[in-house]
Amino acid sequence: MSAAAAPVREFDFTTRDFERAQALIHAHAGICLSEAKQEMVYSRLARRLRETGETSFSRYLDRVESGDPAEWEAFANALTTNLTSFFREAHHFPIFAEHMTTRPRGTNLAVWCSASSTGEEPYSIAMTMRS
């Protein structure tokens, strides 16, 4: 038996199911899920199947597509990582701090922070820029 044997799953989860979930979250929230996220999508949406009483991914995704706002919110929350912290992805900050030392003082710099539910990430960027 191969070391890469398919996992035993509670629910059938086809490539088509993954592609549908991938397309829905992209259309709804602009989130691009790579093929490498297939197991994550299965595990997170399997929880939704249990909670909603659905027995197949196809039926669950039909439910999401039907436009129920509460289920859209649950679907999006299931597929997003809701984590915020100071100096998240810490290995980036020394590189950023070094970059800041090469910029002439007084020059403008635009910094974009894509993930910030409560503000720790942009504050971490600002602290790095000030140091």
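This is a predicted model: local features need pLDDT of at least 70, side-chain atom pairs count only at pLDDT 80 or more; totals for chains, interfaces and linings use all residues.
**Helix H2**

H2 runs over residues 38–52, 15 residues in total. From first C-alpha to last it reaches 21 Å, close to the 21 Å expected at 1.5 Å a residue. Its buried residues are Met-40, Val-41, Tyr-42, Arg-44, Leu-45, Ala-46, Arg-48 and Leu-49. They pack against three helices: H1 (15–29), H3 (57–65) and H4 (69–79). Just after H2 comes Gly-53, with a positive phi of about 80°.

**Aromatic pairs**

The whole structure holds 7 aromatic pairs. Two of them involve Phe-57 and are listed here.

| Pair | Centre to centre | Angle between planes | Geometry |
|---|---|---|---|
| Phe-11 and Phe-57 | 6.2 Å | 90° | edge-to-face |
| Phe-13 and Phe-57 | 4.6 Å | 55° | tilted |

Phe-11 lies in the segment before H1 and Phe-57 in helix H3, so their pair ties together parts 46 residues apart in sequence. Phe-13 also lies in the segment before H1, so its pair with Phe-57 ties together parts that are 44 residues apart in sequence. Phe-11 and Phe-57 are buried. Phe-13 is buried as well.

**The cluster and Tyr-42**

Phe-11, Phe-13 and Phe-57 belong to one aromatic cluster, together with Phe-18 and Tyr-42. Tyr-42 is one of the buried residues of H2. Arg-9 lies over the face of the Tyr-42 ring, at 4.6 Å from the ring centre.

How values were computed
Residues are numbered from 1 along each chain as its sequence is written. Side-chain values use heavy atoms; hydrogens and water are left out. Helices (H or I, at least four residues) and strands (E, at least two) are DSSP runs, numbered from the N terminus. The expected span of a helix is 1.5 Å times one less than its number of residues. Buried means under 20% relative accessible area, exposed over 50%, partly exposed in between (1.4 Å probe, protein chains only). Contact means heavy atoms within 4.5 Å. Rings of Phe, Tyr and Trp (its six-membered ring) pair if their centres lie within 6.5 Å; planes under 30 degrees apart count as stacked, over 60 as edge-to-face and the rest as tilted. A charge sits over a ring if NZ of Lys or CZ of Arg is within 6 Å of the ring centre and within 35 degrees of the ring normal.
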